[in-house]
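My entries follow in the order in which I made them.

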Amino acid sequence: MTSSRTLKNILVTGGAGFIGSNFIRVLLNNPEFTGRVINLDKLTYAGNAASLDDVAAAFPERYIFKQGDICDRAFVEGLFDEYGIDTVCHLAAESHVDRSIEGPEAFIRTNVNGTFTLLDAARKAWIGDFEGKLFHHVSTDEVYGSLGDTGYFYETTPYDPRSPYSASKASSDHLVMAYFHTYCLPVTMTNCSNNYGPYQFPEKLIPVMIENMLKGKPLPVYGDGKNIRDWLFVEDHNTAVWAVMQGGKLGETYNIGGENEWENIRLVNTLCEVVASEAGKEVQDLKDLITFVKDRPGHDQRYAINCDKLKNELGWTQSLDFEEGLKKTVRWYLDNRAWIENIKSGEYRKWMEKNYTER
Ligand code: NAD
Ligand code: TYD
């Protein structure tokens, strides 16, 4: 069952983060979308409202930024009322596995309690009139656990989260589906593989490596570097999210993936080649920086998505090959030094020092 969705006054949570800011930019630049975006973001260490300065300037009537916490029930309910919210695209989360190992509490608060608060606020605002409404939940493939050498995650794969991050996302996914089954709240959900691209906070693998290469610092590869991730360019993730929001079946989840598996060490070596060529450096000098460090506890071995359902039902496909995407990403980090320097606050420096000196 699909519905005639309004998709007009869209509350985007976490819109100042990596994927959320790209979602808002892609959406507002899509001529077929004529509605408004209300961006609700707490601006944690990972959020940067300035990532959307261009959008705020280009769409002053259709882009509204509200700083706030998704756990703040009164605030969230106020937004539904004030802006006549008919659609939610929920991305706000604590999103970094390593941070979830250091301090899981914030993950439970935002990812579990925050998702509950949003779901319940939507139910209250829309009760008696669910027609045209949609709550879309953005989740991760990490809820499915860890694969061995073969096999893929399907939408039917049983959940088996293994880090506090993935456990908190799994909990939020279950709440979303519970609201569909119990209250008939119109929901859709997507579970995506690892994203990369511009504006990613420089503590995830690809931006950490680019930054350290540019600064001549060690490139910290966890364990033996043989863990495998399936990489997808952030804009391709968001075209898939939008396709599901427009045409996905209510109460269903769609896997999104790059069909692009890389061992970490192979990826880091390739990235050395791309950075060397884009930044005019010697490849071997960069490769010499590769340093194997202590492994992440409970490090998931392999993620790999089967996204046939999305492709077959909604006609989505990836648009960019990996080398092209990496080149674009490296160029962006080279051309946007001010953005990077700006987010390297005291808090960020503290995290990097602690995380990488203890290994
Ligand atoms: P991110 O950490 O870059 O951004 C998260 C945003 O949420 C930040 O702007 C932050 O300020 C905001 N936020 C955090 N707590 C909040 C709260 N309590 N109230 C309001 N705002 C809050 O994360 P991302 O990489 O852009 O991920 C976005 C979503 O996509 C997450 O739900 C994540 O689980 C999911 N996801 C990410 C990936 C990936 O590779 N990055 C892959 C699959 C799914
Ligand atoms: P990350 O970007 O943190 O994403 P996730 O853990 O959600 O998949 O890490 C991607 C992979 O890279 C993962 O296997 C851990 C590894 N990794 C490193 O080897 N070194 C690093 O400095 C980081 C941040 C990650």
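**Entry 1: ligand 2**

I began with Asn264, which has a polar side-chain atom 2.9 Å from an oxygen atom of ligand 2. I count this as a polar contact, meaning a pair of N or O atoms within 3.5 Å; within protein, one must be able to donate a hydrogen and the other to accept it, and residues adjacent in sequence count only if both atoms are side-chain atoms. Ligand 2 exposes 510 Å² when taken alone, and the protein buries 97% of that (Shrake-Rupley method, 1.4 Å probe; for residues, only the protein chains shown count as cover).

I note that this is a predicted model, in which local features need pLDDT of at least 70 and side-chain atom pairs count only at pLDDT 80 or more, while totals for chains, interfaces and linings use all residues. Residues are numbered from 1 along each chain as its sequence is written, chains are lettered from A and ligands numbered from 1 in the order in which they are written, and side-chain values use heavy atoms, with hydrogens and water left out.

Asn194 also places a polar side-chain atom 2.9 Å from an oxygen atom of ligand 2. Tyr222 uses a backbone N or O atom, again 2.9 Å from an oxygen atom of ligand 2.

I then listed the shell, where a residue is near if one of its heavy atoms lies within 4 Å. It holds 17 residues, and Glu142, Pro220, Arg296, His299 and Tyr356 come nearest. Strand β8, residues 219-222, gives the most, with three residues (strands are DSSP runs of E, at least two residues; helices are runs of H or I, at least four; both are numbered from the N terminus).

**Entry 2: ligand 1**

Which residues come nearest to ligand 1? Of the 29 around it, I found Ile19, Asp41, Ser95, Tyr165 and Lys169. Asp69 has a polar side-chain atom 2.9 Å from a nitrogen atom of ligand 1. Ile70 has a polar backbone atom 3.0 Å from a nitrogen atom of the ligand. The protein covers 96% of the 840 Å² of accessible area that ligand 1 has on its own. Strand β5 gives the most to this shell, with three residues.

**Entry 3: two helices**

I looked up helix α3 (residues 73-83) and helix α5 (residues 105-126), which pack at an angle of about 40° with their axes 10 Å apart. Axes are lines fitted to C-alpha atoms, for helices over the stretch in contact, and angles run from 0 to 180 degrees between N-to-C directions. The two helices are therefore oblique to each other, since angles under 35 degrees count as roughly parallel, over 145 as roughly antiparallel, 65 to 115 as roughly perpendicular and the rest as oblique.
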